[in-house]
Amino acid sequence: MPNDLAAAVAVLSDFLTDHSLTSQLAQVEADLVDATALDASAVGARYGLSAELLASALAVRSTVGRLNDVIHATTISLVLPKILEPGERVVNRPSLGAGNDKSRPFDLETDRRIAEFKVAQWKGADTMRKRGVFADLVHLALDESDRRGQLYVVGDLPARFLRTSAAKASWALGRSSPHTRARFGERFDPHSELSVAEFTSGPAAHIELVDLRTLVPELG
């Protein structure tokens, strides 16, 4: 079995390059109908579904699980030189990895702006992404520093959701912390009546929505 990442990537890459995974799995499924234990072993071997392939896939997955952090960090690093104005300074450590902490409440803080970055590319069934992008919008709207607020997203779908969704803001904050929900209620919506679109065009109207594709074409 492979004992280093390079070998694991090579094994996995060879398998995925040599086969169309969808059609390959369909063939395996068909060949397993009426299979005995002996038949099943032969089918797996015939299609390369080996212990080596499994070990390789597990090794790669455990390493590239941080790939989202790499994408997030690289995107912010590429964007900064393009958005910082003359004399504008970053005043707190940017949050380049996953999540923020109390000392770094925003992905980016300068002496003139606060910003959150959502680098996920939406596919159409994006419930958790919808909740995440709305929570970030609320987080930015709650700031009282009078700095410019910006929410960076990828593509049209996130902004369209925020600007047009009739879903209740209370639903969109359903997975947020009790502290965030309490602050939202106290500051903006004590009766839980606002929709996502109403919040975006009302209390959060000052937050600028920016499509990252205009700054980082690779995200397109």
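Which backbone nitrogen does a side-chain oxygen of D4 reach at the start of α1? That of A6, to within 3.2 Å. The distance falls inside the limit for a polar contact, which is a pair of N or O atoms within 3.5 Å; within protein, one atom must be able to donate a hydrogen and the other to accept it, and residues adjacent in sequence count only if both atoms are side-chain atoms.

Before going on, keep in mind that this is a predicted model, where local features need pLDDT of at least 70, side-chain atom pairs count only at pLDDT 80 or more, and totals for chains, interfaces and linings use all residues. Residues are numbered from 1 along each chain as its sequence is written, and side-chain values use heavy atoms, with hydrogens and water left out.

Let's stay with α1. Helices (H or I, at least four residues) and strands (E, at least two) are DSSP runs, numbered from the N terminus. Helix α1 takes in the 14 residues 5–18, and at 1.5 Å a residue it should span 20 Å, which agrees with end C-alpha atoms that are 20 Å apart. The expected span here is 1.5 Å times one less than the number of residues.

Now look around the helix. A8, L12 and F15 are buried in α1. They sit on the same side of α1, because they cover an arc of only 60° around the axis; the arc is that of the directions from the helix axis to the C-beta atoms. On the other side of α1 you'll find A6, T17 and D18, which are exposed. Buried means under 20% relative accessible area, exposed over 50%, and partly exposed in between (1.4 Å probe, protein chains only). As for what covers the buried residues of α1, the list includes α2 (21–31) and α4 (51–64).

Helix α4 is also where A51 belongs. With a relative accessible area of 47%, A51 counts as partly exposed.

Next, two loops. D34 is in the one between α2 and α3 (37–46), and D146 is in the one between α6 (127–141) and β3 (148–153). D34 has a phi near 70°, a positive value in a residue other than glycine. D146 has a positive phi of about 70° and is not a glycine either. D34 is exposed at 74% relative accessible area, and D146 is exposed at 77%.

At 11% relative accessibility, E109 counts as buried. Its side chain makes a polar contact with the side chain of R147 (3.1 Å). Leaving out residues up to four places away in sequence, E109 touches R89, V90, V91, N92, I114 and R147, where contact means heavy atoms within 4.5 Å.

Finally, the aromatics. The structure holds seven aromatic pairs. Rings of Phe, Tyr and Trp (its six-membered ring) pair if their centres lie within 6.5 Å; planes under 30 degrees apart count as stacked, over 60 as edge-to-face and the rest as tilted. One of the pairs is F134 and F184, edge-to-face at 6.3 Å centre to centre and 70° between the planes. This pair links distant parts of the chain, with F134 in helix α6 and F184 in helix α9 (residues 178–187), 50 residues apart. Both F134 and F184 are buried. F184 also pairs with F199: their ring centres are 5.3 Å apart and their planes at 55°, so this pair is tilted. F199 lies in helix α10 (residues 196–201) and F184 in helix α9, so the pair ties together parts that are 15 residues apart in sequence. F134, F184, F188 and F199 form one aromatic cluster.
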